[in-house]
Amino acid sequence: MSLETIKVSPGFEKYLPKEYQDLVDDGPFVKQRKVSEMGSFKEAIEEHPMCAGCAMTLFIRLTYVALPSLENSVIVGTAGCGRLAISQGAVPFIYGNYGDTNAVASGLKRGLDIRFPNQEKDVVVMAGDGGLADIGFHAVMHSWFRNEKFTTIMLDNEVYGNTGGQESGMTQKGTVMKMAPLGKKGEKMDMIALAKTSGVAYIARVAPTNPTRVANTIRKAVLIAREVGPTYIQAYTSCNIEYAIPTPLVMDDAREVEADRYGFTEYFTDEAKSYWDNTGRKIKGTVKK
Ligand SMILES: Cc1ncc(C[n+]2csc(CCOP(=O)(O)OP(=O)(O)O)c2C)c(N)n1
Ligand code: SF4
């Protein structure tokens with residue numbers, strides 16, 4: 001969806017669906033909204049069927065508030081819990097087969113650049129740790145090596161949540177899961193190091209404990225991807241069902257995990273740092289090409 005693509009003839013505005021009007025007049029289309037104001041404006045995602053208290057849902061809501069030009073963004077996702085909420089958002093969503101998100105996003109981003117030469121279109125992959133680090137690993141790595149200009153966000157709940165608790169490459173060593181009863185044998189994959197090795201321009205690891213920081217990180221990643229190259233955010237988004245975290249304690253868990261092993265870190269290539277310091281950080285509001 002894009003305001004440039006949908007041109008309303010004067011006098012016909014009132015015939016557009018109210019949902020669309022509200023997203024433009026009192027939502028995140030056109031205007032950059034602040035996370036501190038969440039709850040007081042129309043959001044791109046308002047209902048979803050995910051488990052109560054799932055941290056992944058909070059992170060997805062924050063992503064939609066943070067994107068620098070929501071009405072010009074396309075989300076690519078796949079099988080996994082996140083797509084249950086992402087597919088309810090007022091943002092175009094492409095459901096890649098499990099494993100091929102970053103191949104789909106590569107073609108999509110290139111195609112959009114040709115189709116809309118005068119309008120920036122942001123492509124963002126949002127998928128689980130199984131979808132990106134295991135079954136989609138090859139497509140993720142090659143999109144990074146090819147320097148494809150889009151953002152990859154891993155919703156890292158350290159398990160295959162949607163299929164009932166199998167270990168993923170991102171599960172911590174030793175963790176016992178419903179379908180890994182002897183405990184995981186191998187180490188958690190170091191996707192941050194692999195992203196550095198493959199030349200990713202901006203990398204961040206974040207937990208959803210500080211919503212403003214999450215939003216700033218996502219915005220930064222998307223703006224750097226436009227100008228410099230691939231960006232990667234690895235977000236701790238606990239699965240309260242498979243890890244048996246009582247719903248009221250989900251944020252306590254996030255703070256504990258953050259303090260223990262998931263502290264905020266970010267990394268820039270020299271080119272990304274130079275772009276961000278000289279140009280990106282000065283960009284205010286929503287952005288068009
Ligand atoms: C090619 C293929 N293999 C397996 C599946 C079954 N499947 C659906 S969701 C899922 C696991 C999702 O785990 P993850 O990507 O970590 O996301 P989460 O549900 O934890 O958010 C699997 C294996 C599938 N849909 N397609
Ligand atoms: S199973 Fe886990 S990751 Fe999936 S919606 Fe429920 S709490 Fe969230």
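In this predicted model, Ala127 stands opposite Met154 in β4. That pairing belongs to β3 and β4, which run parallel and are joined by 5 bridges. β3 also pairs with β1, again in the parallel sense, over 4 bridges; here Val76 stands opposite Val125 in β3. Of the 7 residues of β3, 7 are buried, so the strand counts as mostly covered.

| Strand pair | Sense | Bridges | Residues opposite each other |
|---|---|---|---|
| β1 and β3 | parallel | 4 bridges | Val76 and Val125 |
| β3 and β4 | parallel | 5 bridges | Ala127 and Met154 |

Helix α4 covers residues 101-115, 15 residues in total. From its first C-alpha to its last, α4 reaches 20 Å, close to the 21 Å expected at 1.5 Å a residue. Which residues of α4 are buried? They are Thr101, Asn102, Val104, Ala105, Ser106, Leu108 and Lys109. The elements covering these buried residues include the strands β1 (73-77), β2 (93-95), β3 (122-128) and β4 (151-156), together with the helices α5 (129-134) and α6 (137-145).

The largest nonpolar core has 68 residues, and Met126, Tyr202 and Ile224 have the most contacts inside it. Beyond its neighbours within four places in sequence, Ile224 is in contact with Ala201, Tyr202, Thr231, Ala272, Tyr275, Trp276 and Gly280. Another core, of 5 residues, lies apart from the largest one and has Val159, Met177, Cys239 and Ile241 among its members.

Cys239 and Ile241 also belong to the surroundings of ligand 2, along with Met50, Cys51, Cys54, Met56, Cys81, Asn157, Gly161, Asn162, Asn240 and Glu242. This shell divides into 7 nonpolar, 4 polar and 1 charged residues.

Conventions
Residues numbered from 1 in each chain as written. Chains lettered and ligands numbered in written order. Predicted model: local features only at pLDDT ≥ 70, side-chain atom pairs only at ≥ 80, totals over all residues. Near = placed C-beta within 6 Å. Nonpolar A, V, L, I, M, F, W, Y, C, P; charged D, E, K, R; others polar. Core = buried A, V, L, I, M, F, W, Y, C linked by C-beta atoms within 7 Å. Buried ≥ 20, exposed ≤ 12 C-beta atoms within 10 Å, placed from the backbone. Contact = placed C-beta atoms within 7 Å. Helix = DSSP H or I, 4+ residues; strand = E, 2+ residues; numbered from the N terminus. Expected span 1.5 Å × (residues − 1). Pairing = 2+ DSSP bridges.
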